[in-house]
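Hello,

Here is the structure for your files. My notes on what was found in it follow below.

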Amino acid sequence: MIDLTFSLSNGDIDTIIDDDNMIQACIRRLDTRLDSTLYEVYGSDLQSLLGLRKSEVNLQFLEHSINECLSQDERLTDVSVTCEYTGNGITADIGIVYEDNVLDFTY
């Protein structure tokens with residue numbers, strides 16, 4: 001699940017730093033549509049997977065697509081993805097490694 005909340009300090013929106021910033025960068029990369037007119041090398045093709053039938057093969061294809069997308073970020077030294085069908089859709093548990101930090105998040 002994506003958290004769209006933000007916090008304020010002295011009337012200004014707080015800056016996201018460190019681990020939270022890296023997770024946000026990954027989510028933004030996944031949410032951005034890979035498109036030859038706007039972004040040739042940034043983003044994902046996840047939108048093209050909408051409407052596919054539930055199957056193990058499609059889950060593996062989704063895992064591969066997420067892994068390939070996040071691996072474009074040179075700061076990441078490792079990416080692991082596990083997807084599963086949930087009641088309302090698909091959940092991806094993602095693990096990333098950057099600068100010797102191991103981070104896990106759900107998308």
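Axes here are lines fitted to C-alpha atoms, for helices over the stretch in contact, and angles run from 0 to 180 degrees between N-to-C directions. Helices (H or I, at least four residues) and strands (E, at least two) are DSSP runs, numbered from the N terminus. This is a predicted model, in which local features need pLDDT of at least 70 and side-chain atom pairs count only at pLDDT 80 or more, while totals for chains, interfaces and linings use all residues. Residues are numbered from 1 along each chain as its sequence is written, and side-chain values use heavy atoms, with hydrogens and water left out.

Overall make-up

The protein chain contains two helices and five strands, in the order β-β-α-α-β-β-β from the N terminus. Of its 107 residues, 30% are buried (buried means under 20% relative accessible area, with a 1.4 Å probe and protein chains only). Among contacts (heavy atoms within 4.5 Å) with a separation of 6 or more, 38% are between residues 24 or more positions apart.

Two packed helices are described by the angle between their axes and the distance between the axes. Helix α1 covers residues 18–31 and helix α2 residues 56–70; their axes come within 10 Å and cross at roughly 120°. The two helices α1 and α2 are therefore oblique to each other (angles under 35 degrees count as roughly parallel, over 145 as roughly antiparallel, 65 to 115 as roughly perpendicular and the rest as oblique). Cys26, Arg29 and Leu30 of α1 make the contact with Ile66, Cys69 and Leu70 of α2.

The strands around β4

Which strands pair with β4? Two strands pair if DSSP finds at least two bridges between them. Strand β3 (residues 76–86) runs antiparallel to β4 and is joined to it by 10 bridges, with serine 80 opposite glycine 95 of β4. A hairpin through two residues links β3 to β4. Strand β5 (residues 101–106) is also antiparallel to β4, with six bridges between them; valine 97 has valine 102 in β5 as its bridge partner. β4 and β5 form a hairpin with two residues between them, and glutamate 99 in that turn has a positive phi of about 45°.

Why is strand β4 described as largely enclosed by the rest of the structure? Seven of its 10 residues (89–98) are buried, so β4 is largely enclosed.

Regards

Terms used
Buried means under 20% relative accessible area, exposed over 50%, partly exposed in between (1.4 Å probe, protein chains only).
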